[in-house]
Structures are given as structure tokens and as C-alpha cells.
Amino acid sequence: MSKVQKLLVTGGAGFIGSNFIHHTLKSRAGLILTNLDSLTYAGNLRNLEGLEKQYQGRYSFVKGDINDATLTARLISENDAVVHFAAESHVDRSILDAATFIETNVKGTLTLLNGALACGGCRFVHVSTDEVYGALGDEGAFTESTPIAPNSPYSASKAGSDMLVRAFVHTHHLDAVITRCSNNYGPYQFPEKLIPLMITNALEDKPLPVYGKGHNVRDWIYVVDHCEGILRALEAGKGGEVYNFGGRSERKNLDVVHAILKALKKPESLIRYVEDRKGHDWRYAIDCRKAERELGWRQSVTFEQGMETTIKWYLDHKPWWQEVKTGAYRDFYSRYYGDIK
Ligand code: NAD
Ligand code: TYD
């Protein structure tokens, strides 16, 4: 692959995308980034405040939809590569209404792939999730050859986009790689996902809704480690390959919640056991040895170190999350949880 100088990032105003932009501007001095984001409820320009000035000429923002074929074809033709984050990303929202997940995750990805073809092909990194593999029992871990078996409308829409990327590689020889990662946590995560919801609710002395018995297991990775993995996949990944990333940090949800309460010195009486998620995947675990072997990637922090940094970030950025926890977020929250006390 020829060296990438100009990179189009989709969904860069969201959680992982904004961390990726910060990390890339800091660690890859030669790269110029354009961020295309339509600013849904999950997109927040505060995540990127000051970057245009701090990295003059290296970062710009375009407000637009990945389903806008004219705009995306132009932006792709102006760049050497695409890193595609833009998506609807919350499982619970997909249970309430799957339509936008198909529109953005499936159709939006197709629009980008068509744009990449139209300009003669470009390097394309498709950021996907371990959830496309479905759920595990108490043993084992997902490898890149685990069959795709999505269980939620969210993971089905991501699996659909993965299959389109695979088909464009096979049919059109597009130079694309797919990354599949476990659950991320860190700064700028929208407080509808487990870790930021629990931290911010605890800080406000509000109930902490734990689904079912809280025994479901997730593997947690610090977001910057995932971002470095995506960069390695962009720089050194082999076209047509899939790379798994994970944090080697499996935890029961209840253990994560207890750790947060302990760190914040808040009482366990804040925990509320609520109705389980429909079709709740039992356990995710990732075998990331291929990325370690072929991309030289390693996670840099333990779960405990990453959580310490993350909790401190939410303590230091109260205005950020307080602003987010209003408006559209509140509407969704009350529709989903009712009025738990
Ligand atoms: P997020 O919901 O925080 O951000 C999504 C971003 O995409 C937002 O900025 C939003 O405005 C933008 N967007 C949505 N629809 C768009 C459209 N039609 N056009 C342009 N922009 C649009 O998501 P995230 O947690 O940062 O996840 C990013 C990617 O990583 C997703 O593809 C997700 O499937 C994948 N992923 C996430 C995790 C995780 O733990 N969060 C783990 C593995 C993979
Ligand atoms: P989430 O952060 O939504 O990520 P995902 O569903 O993609 O893994 O949820 C992580 C785990 O936490 C999952 O098992 C569901 C559980 N959970 C709760 O128990 N309570 C909550 O309020 C949320 C949002 C999640």
C-alpha cells in the first residue's frame, strides 16, 4: 500500500471516532484528516474543540451524511484512504427501532463503498464489532474465522455492512480491511453505554440500572488502544483481511458497576436490577493474537489503569456530560427505562 497522507474519517464526532482523531493527530505527524459526520444525537463537536487551531491545516470538519452519494464520492476522491466509524451503535436503541441502523450501517456503508469504487478504489478500513460473531457461553473466544451469527438488530446491521465490504473486496478488488473490536470505554463516550452511564449516574446519586442479574460478561478495551489498532490496520493490514482487537479484560457487568461505585465512594444501594435486555448476548471474548502477530499491536493499559483514567476524565469534565444528558438523550432514556427511582 502506498503511504496514506490524506485520510477521510466518517463518524469522527462520536466516541471512538473523536478519540481516533485526537490520537492520530498526536501520533502520526504526516497525516491530514477530514472528518465527515452528520451529527446525530451521538455526534458532539465538543469532542473535537480547538483541533482546527491546534493542528492548523491538518484537521477539518464536514457536516454531512454518509448516505449523500455526491458528497461522499467527492470527499473520497480527495483523500487517499477512508476509516469508517459512522454508525448507529447502541444495541438498546436497535431493539426499539432498527430502521436507522439499516439506513446508516448497511446503506451508508454501501454508499461509501460505491464512492471508493467510483474514484478508482482507495484504502478502506471498516470499523466493526465483535458482536457480529454472536454470543459465547462460558468458554472460548471469537477468532477471525468464527462464523458470523449476529443476535441484535444492531449487530445484524453491522454484519450486513461487513458482508458488503467482503463482497467489494472479492468482486471489485477493493483494498479494504475489517476490524472487529470488543467493548470500548474511555473519554467522550455517550452516557447511554454501560460505563459512562454508571459513572455519571453515580456522580449524580441516581439509580444504576443493571440488566437481569448483572452476570453477563463483556471484554473491555481502553479506546485509545483500539484507535492504535485501527491505525495499524490502516498502515499494515492486508487487503481483504479481518483483524480482531480486544482488551483481555473480561468482566461481569456487576463487577464493573461495583468497581465504579468503589472508586467514586458511592453506596451499592444505588444499584437497581431492572428487566433484562431482550435477546441479551451472554458473553463476548476476543482472541486478538492475529493483530498482535501481524500488525505488531499490543494493548497498552490494563482495565484497572484505563478505568482510573476514565473515571478521572468524567470527574474533570462534568460540563461535557451534563450537557449531553439533556434533550434527545433524556427522551430516549425515559422511553427505555420508564421512571425508575
Ligand atoms: P457513536 O454512536 O459514539 O458515534 C457514531 C458517530 O457516527 C456519531 O458522531 C454520529 O453523528 C455519526 N453518524 C451516525 N450516522 C451518520 C450518518 N448517516 N452519516 C454521518 N455520520 C453519522 O459510536 P462509537 O461507539 O464511536 O462507534 C464507532 C464505530 O465503532 C461504530 O461503527 C461501531 O459499530 C464500532 N464499534 C464500537 C464499539 C464500542 O464499544 N463503542 C466496539 C466495537 C466497534
Ligand atoms: P452496552 O454498553 O450497551 O454495550 P453492548 O450491549 O454493546 O455490549 O452494554 C454493556 C453491558 O452492560 C451489556 O451486557 C448490557 C449491560 N447494561 C446494563 O446492565 N445496564 C445498562 O443500563 C446498560 C446500558 C447496559
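Me: What should I know about the numbering and the model before we start?
Reply: Residues are numbered from 1 along each chain as its sequence is written, while chains are lettered from A and ligands numbered from 1 in the order in which they are written. The model is predicted, so local features need pLDDT of at least 70 and side-chain atom pairs count only at pLDDT 80 or more, whereas totals for chains, interfaces and linings use all residues; side-chain values use heavy atoms, with hydrogens and water left out.

Me: What is the strand order in the sheet of seven strands?
Reply: The order is β3-β2-β1-β4-β5-β6-β10, in an open sheet with parallel pairing. Strands are DSSP runs of E with at least two residues, helices are runs of H or I with at least four, and both are numbered from the N terminus. Two strands pair if DSSP finds at least two bridges between them.

Me: Which strands are at the edges?
Reply: Strands β3 (59-63) and β10 (242-245) are the edge strands, each pairing on one side only. From one strand to the next, the twist averages 20°. Such angles run from 0 to 180 degrees between N-to-C directions, with axes as lines fitted to C-alpha atoms, for helices over the stretch in contact.

Me: How many bridges link β2 and β3?
Reply: Five bridges join β2 (residues 32-37) to β3, in the parallel sense. Thr34 stands opposite Ser60 in β3.

Me: Which strands does helix α1 lie across?
Reply: Helix α1 (residues 15-27) lies across β1 (6-10), β2, β3 and β4 (81-84), and runs at about 170° to β2. Helix α5 (residues 99-118) lies across β1, β4 and β5 (123-129), at about 165° to β5.

Me: And the sheet of three strands, what is its order?
Reply: This open sheet has the order β7-β9-β11 with mixed pairing. Its edge strands, β7 (183-185) and β11 (250-252), each pair on one side only. The twist there averages 50° from one strand to the next.

Me: What packs on that sheet?
Reply: Helix α9 (residues 253-263) does, touching β9 and β11 (contact means heavy atoms within 4.5 Å). The direction of α9 makes about 85° with that of β11.

Me: Are β9 and β11 parallel or antiparallel?
Reply: They run antiparallel, with three bridges joining β9 (residues 217-222) to β11. The bridge partner of Arg218 in β11 is Arg251.

Me: Where does ligand 2 come in, and which residues are closest?
Reply: Ligand 2 is surrounded by 19 residues, the closest being Glu131, Pro209, Arg218, Arg277 and His280 (a heavy atom within 4 Å). Polar side-chain atoms of Arg218 and His280 each lie 2.7 Å from an oxygen atom of ligand 2. For Asn183, the corresponding distance is 2.8 Å. These are polar contacts, meaning pairs of N or O atoms within 3.5 Å.

Me: Which residues are closest to ligand 1?
Reply: Ile16, Asp37, Ser89, Tyr154 and Lys158 are the closest of 29 surrounding residues. An N or O atom in the side chain of Lys158 is 2.6 Å from an oxygen atom of ligand 1. A polar backbone atom of Ile16 is 2.7 Å from a ligand 1 oxygen, and one of Thr40 is 3.0 Å from a ligand 1 oxygen.

Me: Changing topic, which charges sit over rings?
Reply: Among them, the charged end of Arg93 is over the ring of Tyr41, 3.5 Å from its centre, and Lys290 lies over the face of Tyr243, 4.9 Å from the ring centre. The criterion is NZ of Lys or CZ of Arg within 6 Å of the ring centre and within 35 degrees of the ring normal.

Key. A polar contact is a pair of N or O atoms within 3.5 Å; within protein, one must be able to donate a hydrogen and the other to accept it, and residues adjacent in sequence count only if both atoms are side-chain atoms.
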